[in-house]
Amino acid sequence: MSDAVIKCESVYKIFGENAEKMLQEANGNVDAKTFQENGCIVGVNNASFEVAKGEMLVVMGLSGSGKSTLLRCISRLTDATGGKIFIEGQDLLQLNNKELIDLRRNKMGMVFQSFALLPHKTVVENIAFPLQIKGIDTDDSISKAMDMVKLVGLDGRENYFPRELSGGQQQRVGIARSLAVEPDVWFLDEPFSALDPLIRKEMQDEFLRLQDKLQKTIMFITHDFDEALKLADRIAIMKDGIIEQLDTPAKIVLNPATEYVRKFTEEVPREKVLLIEDVMEQSTGDNLGDLRVSKHEIIENVAEKILTQDKTVGVIDKNNKVIGSINPTKIINTVFGGRKNGN
Amino acid sequence: MEFLKKNPKIFQWLFLLIVFFALCFAIEVPETYKFIRGQAEFIKDPNQSTFVFAGKEVRYYAFDVFWRLPPLLGWLPIWINDSLFFLMNDWMPMEFWNEDTQEFKTRPLLLQISRNLTGFMTFIIELIREILLGGLETIVAFTSWDFIDANPWAELPGLPWTIVAAGATILSYKLSGKSLAIFAGLTMVYISIFGQWKPSMQTLSFILVAAPLSFIFGLGLGISAFKSKRVEKALYPILLVMQTMPQYAVLVPALVLFGVGDHAAVIITMIVAIPPMILLTLLGLRAIPPEVIEAGKMSGCNNWQLMFKVLIPTARRDILIGVNQVIMVCFSMAVISAFIGAKGLGFNLLLALNQLNIGLALEAGLCISLIAILLDKMSLAWANKQTDYFGNLSFFERNKNTIFFIGAFIIGIVLAYIGTFLFKDTFNYLFEIPHNKGISTADFWNKGVDWIFDTFFVYIKAFNTWLIQDVLQPMRALYLRMPVIATIVLVVGAGYLIGGIRSALVVCGLTLFIALSPWWDRALVTTYMATFGVIVSCLIGFTVGTLCFQSKSAAKFMLGVCDIFQTFPSFVYLIPVMMLFGITDTSVLIAVIVYATIPATRYTIEGLRSVPVGLHDAATMSGVNKFQRLTKIEFPLAFPHMMLGLNQTIVFALFMVIIGAFIGTEDLGQYILKALSDKNGAGIGLTLGICVAFIGLIFDNLIRTWVDKRKKHLGIA
């Protein structure tokens, strides 16, 4: 992919004193156990992937899986021990301090799990902070920050201090702050994990609305598989520093690459995740009924219609051209079968 | 036996005690031993033995080494002294240009540095003093006497007290509101009508230099310790010793380096005030959540922006507690540094105490305390103040404080001008009320003290005699009866049982230093006084704390009382006890007890408060009554924190015991006081100070190690 905004090649992050030496000696074959015996902890193990412009990559993993470490390598909050990272073609690890600061001031935004707002600044000052750091004068930065306040729906609260806001509102400030410099790359580190379930859902919807409007290139970290399915264009599932599988939500649900991934997919309601195109058959056959469904429909929405049909249903694309077919049995198999015995 | 098997620790402790007492009884008191003048003295005595180290002769009384160790470190003070003199007078002589004589002059480097530094300090102090009190030194320094004679307008008069008082009130109002403003106003009026204006402003001018400088240096060092592990490691032992070092002890070396006067006082105050500032800065910076730092970095901060726009504002609460500490230390040093010639309230206080004029001492002491509390409250208010950025205020509302101050300024000057007509023949009371020309209640207090003494003389005397004869003397004798080997076994054994081999080695080193110094006997006396004070303080503090904890409002009230008591400079505590008990050990001990009870009470309440609410509820649901809840739940959980209180109590008690030397005790403090007036006292003063610090550190190490273990055990670390 030529338009990859973020590109990682064999990124390693190993904590410990002799990390670099050990990595060299390991020769690309890093085994967490041997490293641990020598006092090193493997945070990220051979991560390679690309994120295209406007794409949202969700990195999913349980705590300690190295997902946050991976994000910090890519934002260079920690230096990767090995490998190469490119942001818009720039080799991140080769940047000097000044270039790095420039990059952060203009191209990167980041949202944190615990909000990380400055306690001594009001909402609007917090949002204006990255702008002021950049050297934009007070009036301009405040007026720009006020736009951001409106964007995240906090109008009327711009003079509140962070401690006077609820968790959801604080994270809105965090989001607004990270967007204030209009970054191209947007990092979100478990932004909704510290929120109540109801608020979390609301924030996810809000986030999708924003992304629809802004079309940023996003790396989103979460430990919640449902959240990953809901938001992601593609999901990377991590375990012990290794990316176990990186694919679209549908493909992960349908074809879990490892036993570990399969455990997550077991409880997922497939009809809510899969689209018709994920389960349709390419052959159209001769026996099509009258009903046509779009390939972009989520199964849940059309399942009833399809199940009441006797005949196979035709699947159409945007241009109303029939490109495949699906029969009721397939729907039943997808929704009810396969969960325990695989596909 | 079952019991011992279940608790092996108790068996170990018992064994240690048995060994200790066995040693005590086994080692006889040598016949030649007399507790008269310690083991080492500067006078020659035919009974003394000598040894020579690095060309220095060190004298001591030879005893059985099991009983007292020879003062192998006796050369240390002499050596320190000689090196200081060498550094000051002979080290690195260089050519310096002399402005006055217009020629080059050879001077040792350090002397030149010290002279320049003192010159600079003196200049700032004088400058502030001139603004507050009026004077000529700085203007003359800028220009010349000829200039002043030619231009009389340049003679800057000091601000009338009315203006300073109004300024303080308005500033307090701006910072906190009505109540602080009223307090500030009353304080200022008290100071001026009691004729304390001049000394107060002298003290204030010295604090206005010492406090900001201490703040800047403390913050800077705290930041560098935060940034570099190496700096932190280098600073840590110094900080540790400085925290337990009596402030007295620093006086003597500073005297040698910087001479006598306000500038030396400022430098000493900085030495004492910087360590807590460093610690609190470090504490605050450490407590910042890592994500806030990352957020700062991701906002594109460079290092400078990160430090001053993100880290320090985020840690401001702890840093401002540090500011508060700095102010407190400054005021306590304002008194102590009067020993080396700082002018102001402290000097008056010492003078009055020396003359046994309790009433005057009380007035000066009250002045210091009031200013201390005022500055403390103002800095705290500043810490908690939030600025309103977007308020739509009119010009008048935004600038009303400035306008009021300008108004007050004009009124004050007009009043002072009118005063020149009103009080033609006497002092202009509307400009400045001279020292000792204001109202004084000294006579009243002095008469009151006399009356108390006359009326209760019999009882006080009886109590005094009983305490000294039946409690203190035997206790002192017991402490002095300890052979040095027994003491070391006890301390090292305790260290081993509490913290393992590492702790044992640390306390062993600290004890050995004291034992090998020439003042072991004196150290034992210091320890005995401190122990007595600590035991009584803890009994009172733990009881009062526990009782107050039973009601929320009482606890809050008590913590407030502790706060206020803590702002009193330590010397102030000597005043009332001297009123009642005269110049005896009893006075010192009572001052120690009052002073050391503060941390004991505070930590008890805080410890009990820190017990989680969930546990309270759980205990209540298990049907415990109040007493059971206290003994079974709250005490065990609060105990580690209370032990930290004990630690503080020991430090406070040691401080007060040393200051008590001013009244007259026979311990280390007395020698420090003596060293002050000794030309060769620098080394002795410093070594004595280190001895006192080490006594504190032995207990500190044992208690802290125990607390850390216990907290880990209870899972509340």
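Here is a short chat about a predicted model with chains A and B.

Q: Hi! Which residues touch the most other members of the largest nonpolar core?
A: Those are A:Ile127, B:Cys330, B:Val592 and B:Met656, in a core of 278 residues.

Q: Nice. And what does B:Met656 touch, leaving out residues up to four places away in sequence?
A: With those left out, B:Met656 touches B:Ser570, B:Tyr573, B:Ala591, B:Val592, B:Tyr595 and B:Ala596.

Q: Which residues does the second, separate core include?
A: That core has five residues, and B:Val58, B:Leu73, B:Trp75 and B:Leu76 are among them.

Q: Changing topic: how many residues does each chain bring to the contact between A and B?
A: Chain A gives 20 residues and chain B gives 18 residues. On the chain A side, α4 (97–107), β6 (108–111) and α5 (123–134) each supply at least two.

Q: Which element gives the largest share of that chain A side?
A: That would be α5(A), with four residues.

Q: And what is the chain A side like by class?
A: The side of chain A that touches chain B has eleven nonpolar, six polar and three charged residues.

Q: Now some helices. At what angle do α14 and α15 of chain A cross?
A: Helix α14 (residues 299–307) and helix α15 (residues 328–336) of chain A cross at roughly 135°, and their axes come within 9 Å. That makes α14(A) oblique to α15(A).

Q: Is that crossing left-handed or right-handed?
A: The crossing of α14(A) and α15(A) is left-handed.

Q: Which residues meet there?
A: From α14(A) come A:Ile299, A:Ala303, A:Ile306 and A:Leu307, and they meet A:Pro328, A:Ile331, A:Thr334 and A:Val335 of α15(A). By class, this contact has seven nonpolar residues, one polar and no charged ones.

Q: Why is helix α3 of chain A largely enclosed by the rest of the structure?
A: Eight of the eight residues of α3(A) (residues 67–74) are buried, so this helix is largely enclosed. The buried residues include A:Lys67 and A:Arg72 as well as A:Leu70, A:Leu71 and A:Ile74.

Q: What follows α3(A)?
A: A:Arg76 follows α3(A), and the phi of A:Arg76 is positive, near 55°.

Q: Last one: where is B:Ala638 found, and is B:Ala638 buried or exposed?
A: B:Ala638 is in helix α26 (residues 626–659) of chain B. B:Ala638 is buried, because 25 other C-beta atoms lie within 10 Å.

Q: What does B:Ala638 touch, not counting residues up to four places away in sequence?
A: On that count, B:Ala638 touches B:Gly607, B:Leu608, B:Ser610 and B:Val611.

Definitions and conventions:
Residues numbered from 1 in each chain as written. Chains lettered and ligands numbered in written order. Predicted model: local features only at pLDDT ≥ 70, side-chain atom pairs only at ≥ 80, totals over all residues. Core = buried A, V, L, I, M, F, W, Y, C linked by C-beta atoms within 7 Å. Buried ≥ 20, exposed ≤ 12 C-beta atoms within 10 Å, placed from the backbone. Contact = placed C-beta atoms within 7 Å. Axes fitted to C-alpha atoms, helices over the stretch in contact; angles between N-to-C directions. Parallel < 35°, antiparallel > 145°, perpendicular 65-115°, else oblique. Left-handed = near helix turned anticlockwise from the far one by under 90°. Nonpolar A, V, L, I, M, F, W, Y, C, P; charged D, E, K, R; others polar.
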